[in-house]
Amino acid sequence: MQTIEHWIDGTSTAGDGTRSAPVYNPATGQVQSRVRLAEKSDVDTAVASARAAFDDWHELSLAKRTEILFRFRELLTAHTDELAGVITDEHGKTLDDARGEVARGREVVDFACGIAHLLKGAYSDQVSTGVDAWSLRAPLGVCAGITPFNFPAMVPLWMHPIAIAAGNTFVLKPSERDPSAALILARLWQRAGLPDGVFTVLHGDAVAVDALLDHPDVAAVSFVGSTPIARHVYQRGTAAGKRVQALGGAKNHAVVLPDADLADAARQITGAAYGSAGQRCMAISAVVAVGDCADDLVAALAELARGVRVGAGRDAGTELGPVITAQAAERIVGHVERATADGATLVVDRREQPGDGFFVGPCLLDHVGVDQEIYRTEVFGPVLAVLRAATLDEAIALVNANPYGNGAAIFTGSGAAARRFGREVTAGMVGINVPIPVPMAYHAFGGWKDSLFGDTHVYGTEGVAFYTRAKAVTARWPRGAAAPQYHFPTS
Ligand code: NAD
């Protein structure tokens, strides 16, 4: 059976570790390969390589760095199908969905191709007599990325193209559940001409993560994953003096007002709830039906949920693939079981699916209450919970009381209601008749509350700010002798 190795210094390596983890094909339930798990000494080797590569990489001209980025972009486009195939085989999502993830990740490379423009500082002439001043942004050094299983290509692409373009080197610790996409990215970077050591892939679990968080030569850490681990990464990384952005879990609400196009809202919400088997950080998992539209909306959602085609991600026509592991399937099924015991109405129950894969079909729960476990927990599966509210005020208060604040959407025909929702809801990304409002690469992605620890969102200009630090230079070229100044200089 193949063992998936690390990528350090431009080459595949087993490192020192003897531990490994199984990588499943979720559609068959079979182990298809094993992935090496790094020990602390492997982290030391990887970071030393990245540290050594930084010296030359950040000195390379912007023109040469940009050339490599453009070549990488072309290779990424050409290898989309190869990446999508590997993602489908290890994650389970459909091929179309996997291609979409690569395309959304590539948009960040498009953005990073403009790095010369993004790094331009500001210049002020003659700030004092004979004195000029300018500001610039310098790279940090070695940056690390720790990423989740649900987007094995896109989330790493949210981070490292900008970090690398800005002159840093990058150590990626991808999810051990679907580790192969990261290695394809590493090979493409090498073919694009990226010097060895600038992009490293280190496979592993908590041992590798903690060693990266403690390592004195890692300057910054970007994390995306569940909230408890995001909190841990933020606390441990910042305690070690690093810059950290740690994106956590979510409970994304769709508020539906009676004046919405209900059929359209139901279709949009169904795709956002069950696409990728609900394993998206921006999946809609809670609907808040306002006023008298609730029964009609639930009926429309139920009809759509009954028609979702469940199957292997490689099969044409599949709309909902398997979830990531047998444990995840068990956990999701258990949540639905307890929701009914807690008083929710199970309107659509497609938990039972044939085959050996990790399949859970779409489930729809109505009359869910804010105190029920199904609402309080991030289920991360194809389960949609409907809550009811009498007014928009009540709906906004409900959404804002939730500890997560990643995405929130409103479906309405009223501009005034949409505007109010957009201004008042405590979430980092808001959709108006858009169920999954993932910002484009030139904006930035990030949640509020327990969905993000740190100050900056990922990618966009916030990404550039995260991976660089500011420097202000004041310059004077003396013309003739000047007397010493003992007072604080004024202009
Ligand atoms: P996870 O938190 O289990 O794992 C994320 C990363 O942390 C992996 O690389 C994993 O190896 C590592 N890790 C796991 N346990 C650890 C520990 N004890 N100590 C240190 N590191 C550890 O998340 P997951 O199951 O891979 O991904 C799903 C989660 O990610 C969901 O909660 C989802 O909402 C979230 N997510 C959030 C966003 C966002 O943008 N906010 C995006 C994608 C996914």
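Is Ala230 buried or exposed, and how many C-beta neighbours does it have inside 10 Å? Ala230 counts as buried, because it has 25 such neighbours. (Buried takes 20 or more other C-beta atoms within 10 Å of a residue's own, exposed 12 or fewer, partly exposed anything in between, with C-beta atoms placed from the backbone.)

## Ground rules

Keep in mind that this is a predicted model: local features need pLDDT of at least 70 and side-chain atom pairs count only at pLDDT 80 or more, while totals for chains, interfaces and linings use all residues. Residue numbers start from 1 along each chain as its sequence is written.

## The chain as a whole

There are 16 helices and 23 strands here. (These are DSSP runs, H or I of at least four residues for helices and E of at least two for strands, numbered from the N terminus.) The chain's radius of gyration is 24 Å, close to the 23 Å from the globule rule for 491 residues, so the chain is as compact as a globular protein of that length. (That radius is taken over C-alpha atoms, and the rule is 2.2 Å times the number of residues to the power 0.38.)

Along the principal axes, the C-alpha atoms fill a box of roughly 85 × 60 × 40 Å. Buried residues make up 53% of the 491. As for contacts with a separation of 6 or more, 71% come from residues 24 or more positions apart. (A contact means that the C-beta atoms of two residues, placed from the backbone, lie within 7 Å.)

Where they meet, 18 residues of domain 1 are in contact with 23 residues of domain 2. (Nonpolar covers Ala, Val, Leu, Ile, Met, Phe, Trp, Tyr, Cys and Pro; charged covers Asp, Glu, Lys and Arg; the others, Gly among them, are polar.)

The UniProt record, an unreviewed entry, lists residues 17–473 for "domain: Aldehyde dehydrogenase". (UniProt positions follow the numbering used here, feature names are shortened, and annotations may be inferred rather than shown by experiment.) Over that stretch, the chain is 42% helix and 23% strand, with 46 Å between the end C-alpha atoms.

## Around the ligand

The ligand has 28 residues around it, the closest being Pro148, Ala206, Gly225, Gly249 and Cys281. (To count as near, a residue needs its C-beta atom, placed from the backbone, within 6 Å of the molecule.) By class, the shell holds 13 nonpolar, 11 polar and 4 charged residues.

Both domains take part, with at least three shell residues drawn from each of domain 1 and domain 2. Helix H8 (206–214) and helix H9 (227–239) each supply at least two.

## Two residues up close

Back to Ala230, which is found in helix H9. Beyond four places in sequence, its contacts are Phe223, Gly225, Ala246, Leu247, Gly248 and Phe453. Ala401, 171 residues apart from Ala230 in sequence, is 20 Å apart in space, C-alpha to C-alpha.

Leu119 sits in the loop between helix H5 (115–118) and strand E6 (122–128). With 18 C-beta neighbours inside 10 Å, Leu119 counts as partly exposed. Setting aside residues up to four places away in sequence, Leu119 touches Arg137 and Ala166.

Note on methods:
Domains from an automatic or database assignment.
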